[in-house]
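Dear colleague,

Please find below the structure I am handing over to you, followed by some notes on what turned up when I went through it.

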Amino acid sequence: MNFNYNNFPLDLNNSNLVLNWINTLCTGNVDNIVSLYASNAVLLGTLAESIAEGKPEIRKYFEMFTKSQPCGKITTIIEQDFGAIKVFDGTYDFNLTDPDTGSKSSVSARYTFVFQYVAGTWLIATHHSSKNP
């Protein structure tokens, strides 16, 4: 199902919203990562043991996650466009580095992003990521 409403500008075309998120994650800059989320956003992080609600909790998660120098690539993406809301589902692969040992690993995960158009910009309202079984 793909609904398309052209009333809401998408300065980063279509799936580039998710690509922008992954590119920002790869920088390791927690401030920039957290700035992509709405103030009341919800995050179910790939390696999280609990749900993060709001920017302070989301910041805590990314302070932990970025210690592993995550960087990755999108492997699949499906977009649903509801005007001021865009939903992206798919899969991505992360390369991680253990901060203690320096050993490298890879994590394949699936995701759902819900972006909402707020005050002239697209922000993440909900982000769920979990390791592939």
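Cys26 and Cys71 form a disulfide, with their sulfur atoms 2.1 Å apart, where a disulfide is defined as a pair of cysteine sulfur atoms within 2.5 Å. The pair links distant parts of the chain, since Cys26 belongs to helix H1 and Cys71 to strand E3 (residues 71-81), 45 residues apart; helices (H or I, at least four residues) and strands (E, at least two) are DSSP runs, numbered from the N terminus. The torsion about the S-S bond of Cys26 and Cys71 is about 100°, so the disulfide is right-handed. Cys26 is partly exposed at 28% relative accessibility, and Cys71 is likewise partly exposed at 31%; buried stands for under 20% relative accessible area, exposed for over 50%, and partly exposed for what lies in between (1.4 Å probe, protein chains only). A search of the whole structure finds one disulfide.

Residues are numbered from 1 along each chain as its sequence is written, and side-chain values use heavy atoms, with hydrogens and water left out.

The chain averages a pLDDT of 89, and 89% of the residues score at least 70, pLDDT being the predictor's confidence in each residue, from 0 to 100. Where pLDDT is low, the predicted coordinates should not be read in detail.

Turning to helix H3 (residues 55-65), its buried residues are Ile58, Tyr61, Phe62 and Phe65. They cover an arc of only 90° around the axis, which puts them on the same side of H3, the arc being that of the directions from the helix axis to the C-beta atoms. These buried residues pack against helix H1 (16-27), helix H2 (30-34), strand E1 (37-44), strand E2 (52-53) and strand E4 (85-97), whereas the face turned away from the buried side carries the exposed residues Pro56 and Lys60.

Lys55, also in H3, is partly exposed, with a relative accessible area of 28%. The side chain of Lys55 reaches the backbone oxygen of Tyr37 at 3.2 Å, and, leaving aside neighbours within four places in sequence, Lys55 is in contact with Val34, Ser35, Tyr37, Ala38 and Ser39.

The structure holds 14 aromatic pairs; rings of Phe, Tyr and Trp (its six-membered ring) pair if their centres lie within 6.5 Å, and planes under 30 degrees apart count as stacked, over 60 as edge-to-face and the rest as tilted. The rings of Tyr37 and Phe62 have their centres 5.8 Å apart and their planes at 45°, so the pair is tilted. This pair links distant parts of the chain, with Tyr37 in strand E1 and Phe62 in helix H3, 25 residues apart, and both Tyr37 and Phe62 are buried. For Phe113 and Phe115 the ring centres are 5.8 Å apart and the planes lie at 25°, so that pair is stacked; Phe113 and Phe115 are both buried. Ring pairs link Trp21, Tyr37, Tyr61, Phe62, Phe65, Phe88, Tyr92, Phe94, Tyr111, Phe113 and Phe115 into a cluster.

Leaving aside neighbours within four places in sequence, His127 is in contact with Trp21, Tyr37, Val42, Leu43, Leu44, Tyr92, Thr112 and Phe113. The side chain of His127 makes a polar contact with the side chain of Tyr92 (3.2 Å); such a contact is a pair of N or O atoms within 3.5 Å, where, within protein, one must be able to donate a hydrogen and the other to accept it, and residues adjacent in sequence count only if both atoms are side-chain atoms.

With kind regards

How values were computed: Predicted model: local features only at pLDDT ≥ 70, side-chain atom pairs only at ≥ 80, totals over all residues. Contact = heavy atoms within 4.5 Å.
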